[in-house]
Amino acid sequence: MRESYPFRQHCLCLIPLALLLCFIWARIGSEEAVFLFFSDCRLKQPGLTLWMTLFTHLANPLFYLAYAALFVRALQLRGRDPERSAKQLIFVLAFTLAQILVAALLCRIVKIAVGRPRPMTGGPITPFSTGWGYQSFPSGHTTEAVGAAQPLAGRYGKILLPLALGVYTAAVGFSRLYLGMHHPTDILGGMALGSLSGYLSWSFARMAQDRWGNCRFPWMAFRKK
């Protein structure tokens, strides 16, 4: 029986970040007001700013370490449980392909094509600019975080894990706002692209399972359910 896309886990994973953005818009206001608010916070709380800086740089690499661990585990299982090993290997490879296409390529193309200035850069939109200060939309960190969280939430969670991953991705988005790297709508754009990456990851995995259902991938029989 063909599995359907885990929309419930997908939505649960997005709820914390969506609520965070709604709260910021409701309590602070315009994007300029958001930038000024967090600029003041950075001046008054240098310690928190340091922690936010560390978190924003380490948060996504931790996701990749988790997927690397799943990949190694898949290799270890190939002798004892080849079917599980194959499914887990496909899961990790599908995620990797989706992130390369969306977070590494599509997100970068959109950033350059839009040319939106970052909050601290200011000035008008400058399409097709390659300058870092004009690559605000969408948030690449948020795209990566959501794109990494979605497959994990859909494969391994029902309610608690998707929500926990959602809180984690919301923290990533918040760190980008706090540090003045992005506008709230940049975070929203990253959430949309990250969702696309999550969906593509699931789609690639399903296509791989259909393609190699009756042959060895790469070393074991992969049975259709």
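R73 lies in helix α3 (residues 46-77), where helices are DSSP runs of H or I with at least four residues, numbered from the N terminus. R73 is partly exposed, with a relative accessible area of 33%; buried means under 20% relative accessible area, exposed over 50%, and partly exposed in between, with a 1.4 Å probe and protein chains only. The model is predicted, so local features need pLDDT of at least 70 and side-chain atom pairs count only at pLDDT 80 or more, while totals for chains, interfaces and linings use all residues. Residues are numbered from 1 along each chain as its sequence is written, and side-chain values use heavy atoms, with hydrogens and water left out.

Four salt bridges are counted, a salt bridge being a side-chain nitrogen of Lys or Arg within 4 Å of a carboxyl oxygen of Asp or Glu.

| Pair | N to O distance |
|---|---|
| R116 and E31 | 2.4 Å |
| K44 and D40 | 3.0 Å |
| K87 and E83 | 3.7 Å |

R116, in the loop between α4 (82-114) and α5 (140-156), and E31, in helix α2 (residues 31-44), are 85 residues apart, and their pair links distant parts of the chain. R116 is buried at a relative accessible area of 18%, and E31 is likewise buried at 18%. K44 and D40, by contrast, both lie in helix α2, four residues apart; K44 is exposed at 62% relative accessibility, whereas D40 is partly exposed at 34%.

S201, placed in helix α7 (residues 184-211), is buried with a relative accessible area of 3%.

Notes
Helices (H or I, at least four residues) and strands (E, at least two) are DSSP runs, numbered from the N terminus.
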